[in-house]
Amino acid sequence: MNKKVVLAFSGGLDTSFCVIYLKEELGYEVHSVVVNTGGFSKEELKDIEKKAYQLGVASHTTLDETTKYYTDCVKYLIFGNVLKNATYPLSVSAERVCQATAIANYAKKIGSTAVAHGSTGAGNDQVRFDMIFNILIPNIDIITPIRDLQLSREEEIAYLQQHGVEINAEKAKYSINKGLWGTSVGGKETLTSNLYLPEDAWPTPCTKTTPEIIEITFEHGEPVALNGTGMEPTEVIQQLQALAQPFGIGRDIHVGDTIIGIKGRVGFEAAAPLILVKAHHILEKHTLTKWQLSWKEQLGAFYGNYLHEGQFHDPVMRDLEAFLSSTQKTVSGKVFVELYPHRFVIQGIDSDFDLMSNAFGSYGEMNKAWTGDDVKGFSKIFGNQVMIWHKVNKQKD
């Protein structure tokens, strides 16, 4: 009987528990898969592979989805200036969609009878993984040991120790997920409504205090250069993160509504995503029309919310991506940003498509495209219907 299971593996506490449980309790042949979305170094990936084999997996595979993650997903989060609840750049939710899709495709490739993930029963990830597996591999069983057994982290640690696996309990206090579009941090503080994460919980220590000015170049909405050096968008994100994160920029706690209808908190550090979204948005303010900006704000918010809920494979998402891409034709230029400890300031932009061009006038001063009499007539006509409404209703009063 084929009992082959593909496990979404990160090397953390939950997925380490899953390896032992799937083998010892359920009798599965475990094939672990780590999907790299730009958050792991080569050394970290080697350590994860080593740990997987020490736990006893039959095989371990690393799928590098970084470029695909950017092309299929992150790019549109930039185009849409997506910050959920005006705060969170979807660091984990977007990543999970990419990971679940990659794992589903891998499960089909090796002919497994089941897939497994380490999600708990409280958060969004369980829905994202389950739903995408049900869409892409509907005939394959889904196994979720942590959710089904309703385990605490302390119980997981005890179980692993009983099976000869030593876990650093202090390190396991926090659940950390690293990806191209930011890092999430969960722990006992995020389970409350009033506590903030301590300094030692953040993956990147604050080491920079001297302000720096940086220059980000966008071409058709995509980041293509940092400080004058051209590179792939994924490299811009990674290098900007390395440059800005030591300032402590991008640290925050997101409070939101989970897919299953409860409130939740998660810490995150995402210097590059926050800087890029704000830099991109200011460039759009200079290069797009009023109604382009208005519709982008509405559709970008919907795109982000639907993606957050795991609905990446709904065809409406392709329709929204087509709209967002169309708006980026003139979103090209440079944005200047100054970095400080725990904050950044957008200084301004330089673009050939800047609609504040002095060819039509100087901002706040005399313009060259119309006369004062033109404005008098326009103002009278523009308010004509409202003026009539007030006259009619004043008479009735």
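How many salt bridges does the structure hold? In this predicted model, the structure holds 13 salt bridges, and the close-up views below present some of them. Side chains of opposite charge can pair when their charged atoms come close.

**View 1. Arg-96 and Glu-95 meet through their side chains in a salt bridge.** The N to O distance for this pair is 3.2 Å. Arg-96 is buried, and Glu-95 is buried as well.

**View 2. Arg-96 also forms a salt bridge with the side chain of Asp-125.** Here the distance from N to O is 2.9 Å, and the pair links distant parts of the chain, since Arg-96 belongs to helix H4 (residues 93–110) while Asp-125 belongs to helix H5 (residues 125–136), 29 residues apart. Both Arg-96 and Asp-125 are buried.

**View 3. Glu-284 and Lys-296 join their side chains in a salt bridge, with 2.9 Å from N to O.** Glu-284 lies in helix H9 (residues 271–287) and Lys-296 in helix H10 (residues 290–308), so this pair ties together parts that are 12 residues apart in sequence. Because buried means under 20% relative accessible area, Glu-284 counts as buried at 1% relative accessibility, and Lys-296 counts as buried at 2% relative accessibility.

**View 4. Glu-95, Arg-96, Asp-125 and Arg-128 are joined into one network.**

Key:
Residues numbered from 1 in each chain as written. Predicted model: local features only at pLDDT ≥ 70, side-chain atom pairs only at ≥ 80, totals over all residues. Heavy atoms only, no water. Salt bridge = Lys/Arg side-chain N within 4 Å of Asp/Glu carboxyl O. Buried < 20%, exposed > 50% of the residue type's maximum accessible area, 1.4 Å probe, protein only. Helix = DSSP H or I, 4+ residues; strand = E, 2+ residues; numbered from the N terminus.
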